[in-house]
Amino acid sequence: MKCKVCREPAVIDIRRHNANFCGDHFLKLVRDQTQKAIDEFKMFAPGERILVAVSGGKDSLALWDILLELGYEANGLYIGLGIGGYSDRSGDQVRAFAAERGLKLEQIELRDQYGYDVPTAAAVTKRVPCSACGLSKRHLFDKAALQGGYDAVATGHNLDDEAAVLFGNTLRWQTEYLARQHPVLPARPGFPRKVKPLVRLGEREMAAYCVLRGIDYIVEECPMAVGNKHIGYKEALNAIEATSPGAKQAFYFGFLARAVERFADAAPAYAEAGDTAACTRCGVPTTSEICAFCRLLERTAGAEPVHLTIKGKRVDA
Amino acid sequence: MQVNLRNPNRTIIFEGPMSIVALLQKLDLNRESVLVIRGGTLVPGDALLTADDVVEIRPVISGGVA
């Protein structure tokens, strides 16, 4: 197997490109594809300040590394979710990554700073853990970006993530979600711009990037996400990709090019100025008196920390 | 050869030599869903593993099994 560019021995094949790459040219490909996505979707420009949402996983750490390699000003924000040993190990990975490179990392610990953690919030609200987790992360990343004067929040969603979300939304024709699935969500009053610079790169490529760059990341997945639908959708799409290389890319980018506009009428009616008021607790725009995050704080206040179990086994140790 | 797998962590010993493609077929793994790593770097898909090799098969799907 030879590198498509230099004919030296290749270390990875990318079947959807029908090409093999040596380490150096693979790393260049990853950076080039990231820059292409940034430019194509007008995510941000040189000189703008980016806040990278880092979890300790391969995608977010790779994204932070790539943005710095491309010359962007990018700081990290890590949120400790309180999911037992998994969160401890994730936080350690992020802190080590930042310390080794002398990067600016902001950290929030839900339990210390907001008095709850994700397992407890899930138990109190009687909803899946991913619900409280997503709500907390969205609110806190938005808040940190606005308070820190950042121009955009960047997340490590890759092609496989976006294709799987699209697959799930299409299976159920969730037109409101389809209408807003885009690599960029523009800023609006009270909310920062949100961007996904890795949408042109697959999950396998991001893991390979980390291996070749020597980036240690947490390989285990959140114990609370194991077995969820999203992972099943990814496996289904990979089964298709194995016999039809490029299927995931064609599915997602075909949607962006030829279909998303057709759902424009279903787009959520983002609140007009007169439809919202500032949350009486924290001040973010909301359509009710108290925003969803502050309602979560209210419900979890004073709750005893809990440990979630699946089939009788603790999943947060 | 020693093959280390994840989620859950486990080790399987195979007779060598064997190609990557044959190894993944034996393990019923999709090449799209894993990386094969030896000595801290990637092993290309056409590589032949020997009896003395120690390799890690790492799932790339977040939460995936290998």
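Modeller: Start in chain B. B:Ile37 sits opposite B:Leu42 of E5(B). Helices (H or I, at least four residues) and strands (E, at least two) are DSSP runs, numbered from the N terminus. This is a predicted model: local features need pLDDT of at least 70, side-chain atom pairs count only at pLDDT 80 or more, and totals for chains, interfaces and linings use all residues. Residues are numbered from 1 along each chain as its sequence is written, while chains are lettered from A and ligands numbered from 1 in the order in which they are written.

Colleague: In which sense do E4(B) and E5(B) pair, parallel or antiparallel?

Modeller: Antiparallel, over 2 bridges. Two strands count as paired if DSSP finds at least two bridges between them.

Colleague: What is the strand order in the chain B sheet?

Modeller: E2-E1-E7-E4-E5, an open sheet of 5 strands with mixed pairing. Strand E2 (10–13) and E5 of chain B are the edge strands, each pairing on one side only.

Colleague: Switching to the interface. How many residues does each chain put into the contact?

Modeller: Chain B gives 19 residues and chain A gives 24 residues. Contact here means C-beta atoms, placed from the backbone, within 7 Å.

Colleague: Which elements of chain B give two or more residues there?

Modeller: Strand E4 (34–38) and strand E5 (41–42). By class, that side of chain B has 6 nonpolar, 8 polar and 5 charged residues. Ala, Val, Leu, Ile, Met, Phe, Trp, Tyr, Cys and Pro count as nonpolar, Asp, Glu, Lys and Arg as charged, and the others, Gly among them, as polar.

Colleague: Now chain A. What joins strand E4 to strand E5 there?

Modeller: 5 bridges, with E4 (residues 73–80) and E5 (residues 105–109) running parallel. A:Gly80 faces A:Glu109, and A:Ile79 faces A:Ile108.

Colleague: Which helix does the chain cross through between them?

Modeller: Helix H3 (residues 84–101) of chain A, in a right-handed β-α-β crossover. Right-handed means that, with the strands pointing away from the viewer, the path from the first strand over the helix to the second runs clockwise. E3(A), H2(A) and E4(A) make a right-handed β-α-β unit too. Strand E3 (residues 49–53) is joined to E4(A) by 5 bridges, again parallel, and A:Val52 has A:Gly76 as its bridge partner.

Colleague: Back to H3(A). Which residues are buried?

Modeller: A:Tyr86, A:Ser87, A:Ser90, A:Gly91, A:Gln93, A:Val94, A:Phe97 and A:Ala98. Buried means 20 or more other C-beta atoms within 10 Å of the residue's own, exposed 12 or fewer, partly exposed in between, with C-beta atoms placed from the backbone.

Colleague: Why are those on the same side of H3(A)?

Modeller: Because they cover an arc of only 155° around the axis. The arc is that of the directions from the helix axis to the C-beta atoms. They pack against helix H2 (58–69), E4 and E5 of chain A. On the other side, A:Gly85, A:Asp88, A:Ala99 and A:Glu100 are exposed.

Colleague: And what comes just after H3(A)?

Modeller: A:Gly102, with a positive phi of about 65°.

Colleague: Last one. How many residues of helix H9 of chain A are buried?

Modeller: 9 of the 11 in H9 (residues 203–213), so H9(A) is largely enclosed by the rest of the structure. Among them are A:Met206, A:Tyr209 and A:Cys210. Just after H9(A), A:Gly214 has a positive phi of about 70°.

Notes. Contact = placed C-beta atoms within 7 Å.
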